Amino acid sequence: MRRLMLLRHAKTENDAPSGRDRDRRLDDRGRKDAAEIGGWIGRHPPFPDAVLVSPAIRAHQTWEIAWAMMKDLAPQPQVELLPELYGADPSQLLQTIRAASATDPQRLMLVGHNPGMHELALALVGSGDTAGRKALADNLPTSGLAILDFAADDWADVAFRRGRLVLFVSPKVLKQTSDD
């Protein structure tokens with residue numbers, strides 16, 4: 001069994017001072033949402049063994065803030081900044097996931113960007129949480145987290161439509177469920 005966690009970066013400023021998209025930073029809401037999703041992950045093991053992060057500032061900041069909220073509860077995962085995650089399409093992202101066979105974590109997290117992350121999540125899901133699938137069909141919002149399980153012994157065997165959506169959660173979903 002392999003678990004994949006797809007985390008989209010948190011909300012960002014519209015433009016970076018440098019003018020470069022890769023340099024966009026989290027805004028106040030983004031920092032708050034990254035902390036909220038990190039706290040949620042910290043309260044809901046199992047935790048990722050390895051985390052692959054886009055080198056864009058917003059993705060790296062999202063991971064750092066999320067990790068700060070879970071580090072007292074979770075063991076330190078292996079973290080790697082991967083340039084190929086920036087702007088990747090679902091096929092490229094799937095190749096990255098399959099390459100995780102080299103280090104063979106049981107639980108892998110990717111921190112990246114739409115549209116690739118949303119399209120990947122949709123392409124991987126073959127079964128699972130019905131309400132989560134419906135919500136995920138609309139969007140993988142900023143700070144959104146899709147958790148998928150694969151009945152596979154090796155990351156190389158992960159394929160489109162083979163994942164079971166365990167859960168889809170975002171700060172907005174967390175607010176709605178805490179109001180009930």
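Which hand does the crossing of H4 and H5 have, left or right?

First, some ground rules. This is a predicted model, so residues are numbered from 1 along each chain as its sequence is written, local features need pLDDT of at least 70, side-chain atom pairs count only at pLDDT 80 or more, and totals for chains, interfaces and linings use all residues. Side-chain values use heavy atoms, with hydrogens and water left out.

**The sheet**

Let's start with the strands. Helices (H or I, at least four residues) and strands (E, at least two) are DSSP runs, numbered from the N terminus. Seven strands form an open sheet with mixed pairing, in the order E3-E2-E4-E1-E6-E7-E5; two strands pair if DSSP finds at least two bridges between them. E3 (78-81) and E5 (125-128) sit at the edges with a single partner strand each, so one side of each has no neighbour in the sheet. On average, neighbouring strands are turned by 25° against each other, direction ignored.

Now for E4 (residues 107-112). Of its 6 residues, 5 are buried, so the strand is largely enclosed by the rest of the structure. Buried here means under 20% relative accessible area, exposed means over 50%, and partly exposed lies in between (1.4 Å probe, protein chains only). E4 pairs in the parallel sense with E1 (residues 2-8) over 6 bridges, and Leu4 has Leu108 of E4 as its bridge partner. E2 (residues 50-53) also runs parallel to E4, joined by 4 bridges, with Val51 partnered by Met109.

**Helices that pack**

Two packed helices are described by the angle between their axes and the distance between the axes. Axes are lines fitted to C-alpha atoms, for helices over the stretch in contact, and angles run from 0 to 180 degrees between N-to-C directions. A crossing is left-handed if the near helix is turned anticlockwise from the far one by less than a right angle, and right-handed if clockwise.

| Pair | Angle | Axis distance |
|---|---|---|
| H1 (residues 28-43) and H2 | roughly 45° | within 7 Å |
| H4 and H5 (residues 130-138) | about 145° | 10 Å |

So, back to the opening question: H4 and H5 cross in a left-handed way. His118, Ala121 and Leu122 of H4 meet Leu136, Ala137 and Asp138 of H5, contact meaning heavy atoms within 4.5 Å. That set splits into 4 nonpolar, 1 polar and 1 charged. Ala, Val, Leu, Ile, Met, Phe, Trp, Tyr, Cys and Pro count as nonpolar, Asp, Glu, Lys and Arg as charged, and the others, Gly among them, as polar. H4 (residues 116-124) has 7 of its 9 residues buried, so it is largely enclosed by the rest of the structure.

H1, by contrast, passes H2 in a right-handed crossing. The residues involved include Arg31, Ala34 and Gly38 of H1, and Thr62, Ile65 and Met69 of H2. The whole contact divides into 7 nonpolar, 4 polar and 1 charged.

**A closer look at Thr62**

Thr62 lies in H2 (residues 57-70). Its relative accessibility is 0%, so Thr62 counts as buried. Leaving out residues up to four places away in sequence, Thr62 touches Leu7, Arg8, His9, Ala10, Leu26, Ala34 and Val111.
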